[in-house]
Amino acid sequence: MEGRGRRNVELLEGKMKGTPSPETISTKQQRIAKLAKEDKKRALNTLAHHIDIDWLKEAFRRTRKDGAPGIDGLTAGDYEKQLEANLQSLLNRAKSGEYRAPAVRRVHIPKGDGSQTRPIGIPTFEDKVLQRAVQMVLEPIYEQDFLNCSYGFRPGRSAHQALENFWQQMMTMGGGWVVEVDIKSFFDKLGHSHLQQLIRRRVHDGVLLRLIGKWLNAGVQENGSVSYPEAGTPQGGVISPLLANIYLHEVLDEWVEEEVKPRLKGRAFLVRFADDFVLGFSNEEDARRVMDVLPKRLGKYGLTLHPEKTRLLRFAPPREGGQEQPPESFDFLGFNHHWEKSRKGRWAIKRTTAKSRFTRALKKVAEWCRVFRHRTLDEQHQHLCEALRGHCGYYGITGNSHALGCFAHEMRKVWKKWLARRSQRGMNWESFNRMLEHFALPAPRAIHSKLRAANP
C-alpha cells in the first residue's frame, strides 16, 4: 500500500484451494490507496466491486479463528465446512442489500486491575468476515489521511512505537506538562450521524455505506434481550477500531495539528492509540488553555471526558536543590511513566508496568492455576511459559527488567500455591524448587530492549 502505514505482504499460511495470494489483494489495495492519495478531498464512488469471492476468501483467512462465537453459536470451524457456499451467499446478500447485520453478543471483560469490567460486543463469525472485507477496502483510503500521531489498529504501527514517540518528544523537551485524557465510554458514545458524515467525505459507494449503517444500527444482545443503542459502535467488532480512528482523526488529530498548535506559544505534541491519548506541552499556559477547551471540542461530537481520570500534571525532572514536590507520574498504554536518574546520573523518563496491569495479569494467572491445577505438570508448564513470554512480549521494554522479574517471581509463588492444594500433603519450597529443575519457567527478558537492538 502506498503512503503512510504501508502494509507488509503477509505470507499465506495453510493456503486453501482457490485462495488468492495476498499479493493479488495487495495490488488492488495499492490502486485504492493511489486514488485516495491523488486527491485527499475526493470521495470515491465505486469501491464495492473490489469485494468478490477471492476478496472474501482473503478476509476469511485474516479473520481470527479462535474467537468466541456470536449469537448464532457458529464457530469458524462450523463456517469453514461449507466455506465456498457460505462466502458466495454472503457476497450475494452484501451486494444486493439483503444482508442483515445480526445483533452482537455483549460480554464483560476485566478492566484495569480487574476490579471493574468493560463491555465488548462479539459479532457472529460471518459478520466478522464481512467486516474484515469492508475494512480491507477502507483502510487503504484512510491510511492516506491519518496523521503520524495516531498508532492504534493501523498497519505497521504499534503501542511500542507510540510509547517511543512520547519518550523521544518529551525527552527532547527536557520535561514539560502532560494532559492525561480519558474519554468516558468512548465506544458507547460515538455519534452515528457525525461518523456517517465523516465517512461520506471520502466514500460515496452505496453498498459500503449501507453496510456500515447496518452495523451501527445492529442490536446488542445481553441477558437474553436485544437493545438498539442510538450511539456507539461495539468494542470488539472487526471494523470498530477503524471507525473509531476515522472519528478521532477529525475530532482530535486534525484539530490539534491545524487549529491548536498554530495558536500556542511553545511546543506541543499528541500521541494517540485508539481512544487512549496524551498531550505534551513545553509551556504551562498552553497546557492549561488546551485543557480548558478540550471538553468543549469533544462535547461538540457527543463525547465527554472522565472528570476523575483526566488531569493536567507537571511532568519534568526536579530542579537541582529545589524544594518542590517529587515529580508526578502517569499511566499510559499499560506503563507508568516517571522520571528517574539513569546509570550515568542523568534524569530520564522511565517506563515500568502499571500497577493495575501487573495485578490484573497476575490474577489471570492465579485463576488459571486454580481452575487447571489438576492438569499434568507438562500441560501447566507449557501454559505458564507461554503466559510469561506473552507478558514479556508486551512489557519487556528497556528499564522494566525489575518489574518483569517480580512478575516471574509472583507467578512461581502462585503456581506453587495451587500445586500444593492438589493433595493433603501439600508442597514445600524445597519440593517445588526440585520440580523447577525439570519444569523451569523462562527467564524474563526485555524483548524491546534498546541495548539489544544496538548490539544484535
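Colleague: Why are α12 and α14 called roughly parallel to each other?

Modeller: In this predicted model, the axes of helix α12 (residues 355-371) and helix α14 (residues 401-420) cross at roughly 25° and come within 9 Å. Angles under 35 degrees count as roughly parallel, over 145 as roughly antiparallel, 65 to 115 as roughly perpendicular and the rest as oblique. α12 and α14 are therefore roughly parallel. The axes are lines fitted to C-alpha atoms, for helices over the stretch in contact, with angles from 0 to 180 degrees between N-to-C directions. Helices (H or I, at least four residues) and strands (E, at least two) are DSSP runs numbered from the N terminus. Residues are numbered from 1 along each chain as its sequence is written. As this is a predicted model, local features need pLDDT of at least 70 and side-chain atom pairs count only at pLDDT 80 or more, while totals for chains, interfaces and linings use all residues; side-chain values use heavy atoms, without hydrogens and water.

Colleague: What makes up the contact between α12 and α14?

Modeller: From α12, the residues are F358, A361, L362, V365, A366, C369 and R370, and they meet A403, C406, F407, E410, M411, V414, W415 and W418 of α14, where contact means heavy atoms within 4.5 Å. By class, this contact has 13 nonpolar, no polar and two charged residues. Ala, Val, Leu, Ile, Met, Phe, Trp, Tyr, Cys and Pro count as nonpolar, Asp, Glu, Lys and Arg as charged, and the others, Gly among them, as polar.

Colleague: Why are α8 and α9 described as roughly antiparallel?

Modeller: The axes of helix α8 (residues 192-200) and helix α9 (residues 206-216) cross at roughly 160° and come within 11 Å. α8 and α9 are therefore roughly antiparallel. Their crossing is right-handed. H192, L195, Q196, I199 and R200 of α8 make the contact with L209, I212, G213 and L216 of α9. Five nonpolar, three polar and one charged residues form this contact of α8 with α9.

Colleague: What makes α8 and α10 roughly perpendicular to each other?

Modeller: The axes of α8 and helix α10 (residues 240-260) cross at roughly 85° and come within 10 Å. α8 and α10 are therefore roughly perpendicular. In α8, H194, L195, L198 and I199 meet L243, I246, Y247 and E250 of α10. The classes in the contact of α8 with α10 are six nonpolar, one polar and one charged.

Colleague: How do you know that the length of helix α6 agrees with its number of residues?

Modeller: The expected span of a helix is 1.5 Å times one less than its number of residues. For the 15 residues of α6 (residues 159-173) that gives 21 Å, and the end C-alpha atoms are 21 Å apart, so the values agree. Just after α6, G174 takes a positive phi of about 80°.

Colleague: Why is M170 called buried?

Modeller: M170, in helix α6, has a relative accessible area of 0% and is therefore buried; buried means under 20%, exposed over 50% and partly exposed in between (1.4 Å probe, protein chains only). Other buried residues of α6 include A159, L163, F166 and W167. Leaving aside neighbours within four places in sequence, the contacts of M170 include G175, W177, F269, F315 and W339.

Colleague: Is L333 buried or exposed, and why?

Modeller: With a relative accessible area of 8%, L333 is therefore buried. L333 is in the loop between β9 (330-332) and β10 (335-341). L333 has a positive phi of about 55° although it is not a glycine.

Colleague: Why does T63 count as buried?

Modeller: Its relative accessibility is 4%, so T63 is buried. T63 is found in the loop between α2 (53-62) and α3 (76-80). Apart from neighbours within four places in sequence, T63 is in contact with F125, K128, V129 and R132.

Technical notes. Left-handed = near helix turned anticlockwise from the far one by under 90°.
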